[in-house]
Amino acid sequence: MRQKVAVMTPGAFTDSTLSRRWFLAAGASALAAPALTACGSGGVGGSGDGKLTAFVYGDDAVKVQQGAVRRFNKSSEVQIKLEEIPGSDYSTKLRTAMGSPSGPDIFFNWGGGSIRPFQEAGKLVDLTDVVQSEPRLKNGFLPAVLKAGELDGRNYGIPMRGMQPVILFYHKQLFDEHGVTPPENWKDLEKAVDTFRDAGITPFALGGSDTWTELMWLEYLVDRIGGAEVFARIQNGEDPGWEDPAVLRAAQTVKDLIDAGAFGKNFSSVSYVQGGAPALFAQGKAAMHLMGSWEYATQLGKHPEFAEDGLGWTVFPSVTGGSGDIRNVVGNPTNYWSLNTNVADKDAAIAFLTRMASETYAQALIDNGDVPATTGAEKLLASSPSPEFSTFQYGLVQDAPDFTLSWDQALGADVATPMLTEINKLFVGQSSPRQFVDGLKGLRR
């Protein structure tokens, strides 16, 4: 008997055909765009009256943070005022507020490059010592996710929403009909591409009119070929940067896939945001789809029978001769809370952040369709709207030695925007792999 699964709504859009990841990247880039002027670390935080003000992104998932604030305020003398800011205004309002002496005490963010301007302006509390001295924080989150919130090896964020790893989804019926098994290595993947292409089925759905869908391929290929440290060096502005041999080989592998027909002939005119790529996949016109975990919710909302009976998922395969760990993942580790250096009551703010590691908060995230980044949450996932998928997703991140933040979020907008342009040129054949690397090598944060 088919289990009825509720549609997950853990992110920025209620319409699941609109990619959560697309918005998250746009918001992060907008947040990072202008520089800030450093202010002194003394003085009073945003509320100015001994209370704490917390800025949060105002979407459907905000009810989880509303509940957390209510519970905290019932037991604390210091009260938190939650300011819910509409998504279209969030980045601008936060950037403006953080540039003033009266910015929020606590604020929601995307981590990575999105908060670097605040760090460089002296506006972020370094939470490293707090995390190391407080067991509930140090041991309360999956290591790969906590690490992904770091800048230059220091903690500036505490996980506060669900995880969104990029996953290789596959069409179970097509795989059964053509005797194909989920690829574990690159030879398996190439064989699958040949089999489906020869059968008149597009091997991989790809919404190439949205360049960030193409980015996912390079993120995983660079990781599998050279390891997570390749992009870590790029992010930190260290040599050899984009000229690392793994980047060139990843670009060549992309070209080989395109030449082999892995994405079909018209992928550059197909959109993910408008639902084109998910539809091709669900209708059996494409056999696989590399996409963030929100693909499950997208399919559940638009193609529920396929989501419940025909949707399979697996890890991205290893690449022949590569040194990367097949357990590594890329995508959106989570969203984070960070503290303004002008925080009115640092101890109270940290007490609130510590509650993000609690079982009560994890259960609230699960009830809302999210997969929390807290340790021990697997025992709670039976109550998830989609237990099997949630358990897979959690285990994927739990076992990951490294979780690389999406490149366009990890880098500032001044690097991310031209990077995406170069990626698109590679995919549509306007540049060779060598030209792709040459186009990137001058980009440094």
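**Helix packing, backbone geometry and the main pocket**

M419, E422, I423 and L426 in α20 meet P433, Q435, F436, G439 and L440 in α21 (contact means heavy atoms within 4.5 Å; helices are DSSP runs of H or I with at least four residues, strands are E runs of at least two, both numbered from the N terminus). The model is predicted: local features need pLDDT of at least 70, side-chain atom pairs count only at pLDDT 80 or more, and totals for chains, interfaces and linings use all residues. Residues are numbered from 1 along each chain as its sequence is written, and side-chain values use heavy atoms, with hydrogens and water left out.

Helix α20 spans residues 413-427 and helix α21 spans residues 433-440. Their axes come within 10 Å and cross at roughly 175 degrees (axes are lines fitted to C-alpha atoms, for helices over the stretch in contact, with angles from 0 to 180 degrees between N-to-C directions). The two helices are therefore roughly antiparallel (under 35 degrees counts as roughly parallel, over 145 as roughly antiparallel, 65 to 115 as roughly perpendicular, the rest as oblique). Their contact has six nonpolar, two polar and one charged residues (Ala, Val, Leu, Ile, Met, Phe, Trp, Tyr, Cys and Pro count as nonpolar; Asp, Glu, Lys and Arg as charged; the others, Gly among them, as polar).

A second pair is formed by α2 (residues 62-75) and α16 (residues 346-354), with axes that come within 10 Å and cross at roughly 125 degrees. This pair is therefore oblique. A68, V69 and F72 of α2 make the contact with A348, A351 and F352 of α16. Here six residues are nonpolar, with no polar and no charged ones.

Two backbone features fall in loops. D239 and P240 are joined by a cis peptide bond, with omega about 5 degrees. P240 sits in the loop between α11 and α12 (245-259). D152 is not a glycine, yet has a positive phi of about 55 degrees. D152 belongs to the loop between β4 and β5 (154-155).

The largest pocket has a volume of about 360 Å³ (a pocket is an open set of points on a 1 Å grid over the protein atoms alone, where a 1.4 Å probe fits, with protein on both sides within 12 Å along at least five of seven lines; lining residues have an atom within 4 Å of a point; points are joined across faces, edges and corners, and volume is the space filled by probe spheres set on them). It is lined by 18 residues, of which K147, E150, A232, Q235 and D402 are the closest to its centre. The lining comprises eight nonpolar, four polar and six charged residues. Helix α11 gives the most, with five residues.
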